[in-house]
Amino acid sequence: MLSFILKRLAVAIPTLLILVVFSYVIMYAAPGGPFDTERTLPPEVMANLEAKFGLDKPLIVQMFNYVWNVVVHFDFGPSYVYKDQTVNDIIAQGFPVTLTYGFWSFVVATVVGMTLGILAAIYHNSWLDYLAVGISIGAQVLPNFVMAPILTLVFTLWLGWLPGGGWQGGQWQYVIMPVIALSTSFMASIARLTRSSMLEVLNANYIRTARAKGLPMRRVIFRHALKPALLPVISYLGPAFVGMITGSVVIDIYFSTGGIGVFFVNSALNRDYSVIMGITILTGALTILFNLVVDILYAWIDPKIRY
Amino acid sequence: MIFGRRTAKSLENADLAPTIEGRSLWADARIRFFRNRAAVAGLVVLILVALFAAFGAYVAPWSNEEVDWSVLGQVDTMGRPSLASGHYFGTDELGRDLFARTVQGTQISLMVGLIAAFIAVIVGTIYGATAGYYGGRIDNFMMRLVDVFMSVPYMFVLILLLVIFGRSILMLFVGIGLISWLDMARIARGQTLSIKNKEFVEAAHAIGVRPSTIIRRHIVPNLLGVVIVYATLLVPNMIIYESFISFLGLGVQEPNTSWGALISEGASQLQYGTLWMLLFPLFFFVITLFAFFFVGDGLRDALDPKDR
């Protein structure tokens with residue numbers, strides 16, 4: 001097991017480094033710098049600014065300094081646009097929010113999706129099955145940026161039940177719509193995956209054997225069917241996580257939740273390189289870490305995998 | 001002797017055209033596809049949407065850039081969808097005709113979806129077939145690279161690219177094309193692994209056909225069925241990506257527009273009660289995605305031997 005984890009780490013770390021180098025190089029190659037303003041600054045001021053942020057050194061040195069600071073001090077440097085804030089400040093400000101509704105979305109998508117899929121498979125071809133299939137097909141065409149306006153329309157403008165945006169320290173009224181908007185399409189995918197893999201498992205010979213032995217249906221499902229049926233679903237959790245991180249950008253913009261996504265898009269529009277870099281690296285690291293966890297989980301649960 | 005209609009028909013065909021064409025894999029697939037009602041309905045919807053995109057501009061009395069000054073400032077009352085004013089779908093908040101803009105958005109979104117899927121098919125198939133055919137260390141390296149790309153939050157990288165190289169449709173194509181081929185490469189590789197052990201590949205190898213020719217002449221044509229299925233399922237996903245980017249305002253720029261941009265504009269006007277700005281683009285977005293998914297599923301049932 002340990003050697004398996006080490007082997008995966010040996011892939012994960014270079015991946016992250018490639019991401020850092022790649023984004024740094026294209027950032028460096030980009031036309032226009034962070035200090036290009038409407039009126040051109042005097043060359044001396046420009047030189048001072050560049051010296052302050054270390055932009056006058058050669059690319060390799062800059063990159064090395066950056067990576068060194070990130071890895072050793074966990075310091076993403078100052079923001080070029082928000083003059084009095086460092087990237088770390090911005091991340092510390094926005095990240096807890098993103099994590100909160102991201103976590104709940106993940107829980108909702110997984111739990112509801114799996115339950116729906118399992119029930120649909122057990123009661124195959126019943127109204128429950130059709131309902132589940134209908135929901136999962138419908139939700140497929142409702143990505144977060146479509147769900148968000150629809151939810152606001154119904155729950156804020158028509159029914160007036162929920163506030164249309166804001167965060168207020170994460171009170172439940174403010175969390176509901178972001179969570180629903182973010183989780184719907186992933187819930188649908190998880191439900192569909194679970195259903196088809198559960199159906200396959202329920203038709204397997206060993207399930208027939210278990211039932212022939214006279215085990216009650218509940219026991220057959222929980223003891224024999226569930227584990228193998230959920231394996232393909234686990235491998236989908238990685239991509240789902242990436243999708244949710246990405247989707248958080250839309251959520252932050254649309255619901256003004258103040259998460260990391262707002263900063264990302266604003267920095268993208270203002271060419272605030274250090275903030276974009278910081279957020280890209282952070283989400284990249286999280287994604288890679290999460291994929292690692294999923295892989296290990298998979299290997300741990302699936303007895304067929306020898307590592 | 002009483003024949004069923006289908007039997008009678010097939011006998012008739014057998015008499016008239018005694019070639020084997022009528023029973024080829026593709027003909028079989030076509031028959032299976034047209035028996036699937038959801039898939040056929042999806043195909044019809046797609047054709048209608050394509051016609052809308054192609055000829056909608058000739059129907060609209062207004063162009064997509066023209067501002068109707070008479071409705072400006074009172075869009076919520078004067079800009080309603082009506083046949084009399086010529087704004088069939090109403091106007092947007094700037095008094096531009098939403099029908100013409102939806103036509104244009106449909107054109108751009110469809111184009112992005114199709115081109116990105118096209119890039120994915122070309123690059124992904126060749127990449128995956130090559131990796132799968134050569135195997136061993138080359139395969140290992142090539143697929144590791146795909147793993148690396150896949151574990152990156154690509155949407156962030158895509159936004160990075162758009163910021164740095166300018167927000168243009170071309171860059172959007174390049175950026176989306178850059179990530180769209182990864183899944184296709186995996187699928188193509190998986191299929192290649194099973195195809196390359198077939199006798200006809202062995203035979204080709206035995207008579208000294210070069211590996212690149214084997215891939216081109218023997219492997220890729222046999223991948224085609226699966227590739228077509230996944231390409232059809234890829235188009236809606238690419239449309240979603242593009243709309244996502246445009247929703248954030250980082251994709252297509254004014255005066256061009258796309259479904260994502262239109263949905264975003266409509267959504268930002270919700271509180272003024274001008275619902276049509278959201279609902280018309282949303283309607284086209286949703287039915288097109290539905291149609292693509294249904295057609296894709298239908299094609300899979302028709303072409304993918306595994307699911308028969």
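Two residues are said to be in contact if their C-beta atoms, placed from the backbone, lie within 7 Å. The structure considered here is a predicted model. By this criterion, the contact between its two chains draws 34 residues from chain A and 31 residues from chain B.

On the side of chain A that touches chain B, two or more residues come from each of several elements: helix 1 (2-29), helix 6 (144-158), helix 9 (217-255), helix 10 (260-270) and helix 11 (273-301) of chain A. Helix 11 of chain A gives the most to this side, namely 8 residues. Sorted by class, the side of chain A that touches chain B has 23 nonpolar, 10 polar and 1 charged residues.

Helix 11 of chain A also packs against helix 1 of chain A. Two packed helices are described by the angle between their axes and the distance between the axes. For helix 1 and helix 11 of chain A, the angle is about 160° and the axes are 10 Å apart. Because angles over 145 degrees count as roughly antiparallel, helix 1 and helix 11 of chain A are roughly antiparallel to each other. Helix 1 of chain A passes helix 11 of chain A in a right-handed crossing. The residues that meet include Phe4(A), Leu16(A) and Met27(A) in helix 1 of chain A, and Tyr273(A), Gly284(A) and Ala299(A) in helix 11 of chain A. By class, this contact has 16 nonpolar, 4 polar and 2 charged residues.

One residue of helix 11 of chain A may be examined individually: Tyr298(A). Tyr298(A) counts as partly exposed because it has 16 C-beta neighbours inside 10 Å. Tyr298(A) and Val233(A) are 65 residues apart in sequence, and their C-alpha atoms are 9.9 Å apart in space.

Notes. Residues numbered from 1 in each chain as written. Chains lettered and ligands numbered in written order. Predicted model: local features only at pLDDT ≥ 70, side-chain atom pairs only at ≥ 80, totals over all residues. Helix = DSSP H or I, 4+ residues; strand = E, 2+ residues; numbered from the N terminus. Nonpolar A, V, L, I, M, F, W, Y, C, P; charged D, E, K, R; others polar. Buried ≥ 20, exposed ≤ 12 C-beta atoms within 10 Å, placed from the backbone. Axes fitted to C-alpha atoms, helices over the stretch in contact; angles between N-to-C directions. Parallel < 35°, antiparallel > 145°, perpendicular 65-115°, else oblique. Left-handed = near helix turned anticlockwise from the far one by under 90°.
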